[in-house]
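Please find below a note on the two-chain model under review.

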Amino acid sequence: MAIKGTDIVKKLPEGGKKNCRECGLPTCFAFAMKLASGGIAIDKCPYISPEVRIELEDALSPPIKPVTIGAGANILTVGDEQVLYRHEKTFIHQPGMAVLISDDEPAEAVDAKIKKLKELQFHWVGKVLKADMLALRHVSSGRTAFEALIKKVLPVTDCPLMLISDDTEALLDAHRLCADRKPLLYPATAQNLGKIIAAIQNRPAAVAVKAAGVESLVPLTSRLKEAGLEDILLDPGSRNLQSAIRDQTLIRRAALKQVFRPLGYPTVAFPCFMTGDRQREILLASTFIIKYAGIIVLSDIDEHSLLPLLVQRMNIYTDPRIPMSMEEKVYPINNPDASSPVLITTNWALTYFIVSSEIESSKVPSWLCVKEAGGLGVLTAWAAGKFSGDNIAPFIKKCSIESKVNHRRLIIPGKVARIRHELTEALPDWDIIVGPREANEIPSYLPDLVKSWKN
Amino acid sequence: MEYKAPLETYTGRVKEVTLGKGAGALKIGGGNILPLHYFEGSTVHRPLVALEVNDNGADRWAEWVVQPYKDVVSDPVKWAKRCLDLGADLICLHLDGTDPQGANRSAAEAAAIVEKVLSEVDVPLIVYGCEDDKKDVEVLTAVAEACKGENLLLGPAVKENYEAVARAVADNGHCVIAQTPIDLNLEKELNVKLLKQLPPERIVIDPLSSALGYGMEYSFTIMERTRQIGVVFGDVAMQMPIIADLGGECWKTNQARADREQGMHWESVTAMSLLLAGADILVLRHPDNCRLLKEAIEGKI
Ligand code: SF4
């Protein structure tokens, strides 16, 4: 938080010396400290003047404002980030992935995009990954096509919407058609800001301001804030990769390191307007996923380019403080019985995910023993001393696998072939077999192995 | 409120490492900036993109990444030349064929292959062994001796074999790849040990590159932290340039093997992520991605 408890206390009643305890705390000082850490609501003190209250609320608000787009069950919240680098804590709100539809696109193309937004989803390590919103763009002359596009989209999807038009009247009319959906309007510029402020004061909307350069955004967001409007996104106008990295970095630094409020909002990025080439567009989008964008607008999505971006987004927004790990136990795969092979691996979720899916595709009923190893992969766990003979042996003894199978053959990952000897010593009644180095060799390895056992 | 651009400059500087010799030599590192922050501080050398050549051929590569090299995969010299025609800054020769669990090519044979490639191309060579720490000592020593004075980038030197590998590198005028398994402490420990045998200008860090969806974020964060510790906090044991050998990792995923387009993005998104994390050399397999990443580095996108 931007303001310290010791600064807050001076602003409390009687310079922080009233100490009436009505807030439930023994002193004003205790209240101030708790307020600074976000542990108590400001209105618990009945004596704070309205002016001080506004001042404190402002100082206590997050350095990057959380902004919500959409209404009802399907909303998107972005912003509220607290760090520049994920290892400092974690990134919080994944950027919304938006699909651009222009009003001059043929009906079939529009239908196809809506369908893809709704239906294209992927299952990845227990999570469902999908794109988030539509960006509807006015390009044809007149309003008819734009309004028709909006009217077509509204009843068929409840996703958050962004409306794009350089014709401010058209943009505001479009907004009237779907104000109850709290759309994001773009662009608000130095030229049209007055009109936009007047129009959205009574009808909710988020606005994305656009200017040429980071500095030029400052007067625009300041005016919006004066008008009491703070659902803001920023577009500094950078339209190539390296200037985009610069602008996104400067905005994030200004917001977090300088607590510079006029830039304390999430950003919107437009790979769709930066190139006409698919490969480049994906590369740009992947840059914005890492470099701080709040919303990323793509010209289109398809199965093969959307999955890598969504996996990257998930990777980058995974909390680095929590190792992704599986519960230590024996996992049955493909309905194994007492004669099925037994494999062992570590409890990193990705290791488990890869190994189990390869065993599954081998179609061989198997037992997979997942050993607790600090959520590390096989080699890393071995290097850290968490996957070796002297700790695998007790796990095999206690994990109940010995009561599940009528044989004593254990397949270890090929990457740790070197532990075979120590494991044989630690588990004298088990036959230790070195399996493949790579999980993707399992589907060819396992069936052959099982066949050789039968003969 | 007045806006003052929050530009930052740092006292730490990435070591400048020269690869190869003579007219074809290339340099990496040298800057006191965070990755791709060309708007502040000073950059000396931009990152390089290498394409992989494998002495083991490409039998197990996905078909779409073999396609550009189909007629040359049995000949590392022709393959390397093809990579250069297709835009690679330099060549990364993987000696998978020396793996005792595979083709088990001898150290002398491997050294002869490296010598031959070296004599036919005029760019620096990166040479990776088969990542069997014992065999690698034999192979890398033979390669280092056969190519004495050519300033190859050789590795990996790992916890188990770094002394012998670094000795061969130091005695024969090369640079070394210091490899650790995605662990910042082990990485620093190995760097500190290697610094007793070699100057920092002869070391490149390989914290291991994982593919998108298969631990990429771990590689990302280790690289990002390495660069910060070196440049922002000025730790001299962490100021060496970073290599991201990611092509093989990406193309072996089921996602890359299942579909050409998906494979292309899998490699390019992983590469862009690790470039943003701090990689100074990207090792890729597909030439189209080599071009794409070079465009990103050169500011053409
Ligand atoms: S209620 Fe207000 S004035 Fe009373 S002790 Fe708490 S903070 Fe101080």
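The points below treat conventions, each chain, selected residues and the ligand shell.

1. Conventions. This is a predicted model, in which local features need pLDDT of at least 70 and side-chain atom pairs count only at pLDDT 80 or more, while totals for chains, interfaces and linings use all residues. Residues are numbered from 1 along each chain as its sequence is written, chains are lettered from A and ligands numbered from 1 in the order in which they are written, and side-chain values use heavy atoms, with hydrogens and water left out.

2. Chain A, overall form. Chain A holds 19 helices and 17 strands (DSSP runs numbered from the N terminus: H or I of at least four residues for helices, E of at least two for strands). Its radius of gyration is 28 Å, well over the 23 Å that the globule rule gives for 455 residues, so chain A is more spread out than a compact globule. The radius is taken over C-alpha atoms, and the rule is 2.2 Å times the number of residues to the power 0.38. The C-alpha trace of chain A spans about 85 × 70 × 40 Å along its principal axes.

3. Chain A, burial and surface. Of its 455 residues, 55% count as buried (buried is under 20% relative accessible area, exposed over 50%, partly exposed in between, with a 1.4 Å probe and protein chains only). Chain A exposes about 18500 Å², of which carbon and sulfur atoms supply 51% (Shrake-Rupley method, 1.4 Å probe; for residues, only the protein chains shown count as cover).

4. Chain B. The secondary structure of chain B comprises 11 helices and 10 strands. Its radius of gyration of 18 Å is close to the 19 Å that the globule rule gives for 301 residues, so chain B is as compact as a globular protein of that length. Buried residues make up 64% of the 301, and the accessible surface is about 10500 Å², with 48% belonging to carbon and sulfur atoms.

5. A:Val311. This residue belongs to helix 13 (residues 303-317) of chain A and is buried, with a relative accessible area of 0%. Beyond its neighbours within four places in sequence, A:Val311 is in contact with A:Trp124, A:Leu129, B:Leu212, B:Gly213 and B:Trp266 (contact means heavy atoms within 4.5 Å).

6. B:Lys294. Is this lysine buried or exposed? B:Lys294 is buried, at 18% relative accessible area, and sits in helix 11 (residues 287-298) of chain B. Apart from neighbours within four places in sequence, its contacts are B:Val49, B:Gly87 and B:Asp89. A polar atom of the B:Lys294 side chain lies 2.8 Å from the backbone oxygen of B:Gly87.

7. Backbone geometry. The peptide bond from A:Tyr186 to A:Pro187 is cis, with omega near 0°, and A:Pro187 falls in strand 8 (residues 184-188) of chain A. The bond from B:Gly155 to B:Pro156 is also cis, with omega near 0°; B:Pro156 is in strand 6 (residues 153-157) of chain B. A:Glu14, not a glycine, has a positive phi of about 55° and is exposed at 57% relative accessibility. A:Tyr292 has a positive phi near 80°, yet is buried at 5%.

8. Ligand shell. The ligand is surrounded by residues including A:Lys18, A:Arg21, A:Glu22 and A:Phe31 (a residue is near if one of its heavy atoms lies within 4 Å). The shell divides into 7 nonpolar, 1 polar and 3 charged residues. In this scheme Ala, Val, Leu, Ile, Met, Phe, Trp, Tyr, Cys and Pro count as nonpolar, Asp, Glu, Lys and Arg as charged, and the others, Gly among them, as polar.

Technical notes: A polar contact is a pair of N or O atoms within 3.5 Å; within protein, one must be able to donate a hydrogen and the other to accept it, and residues adjacent in sequence count only if both atoms are side-chain atoms.
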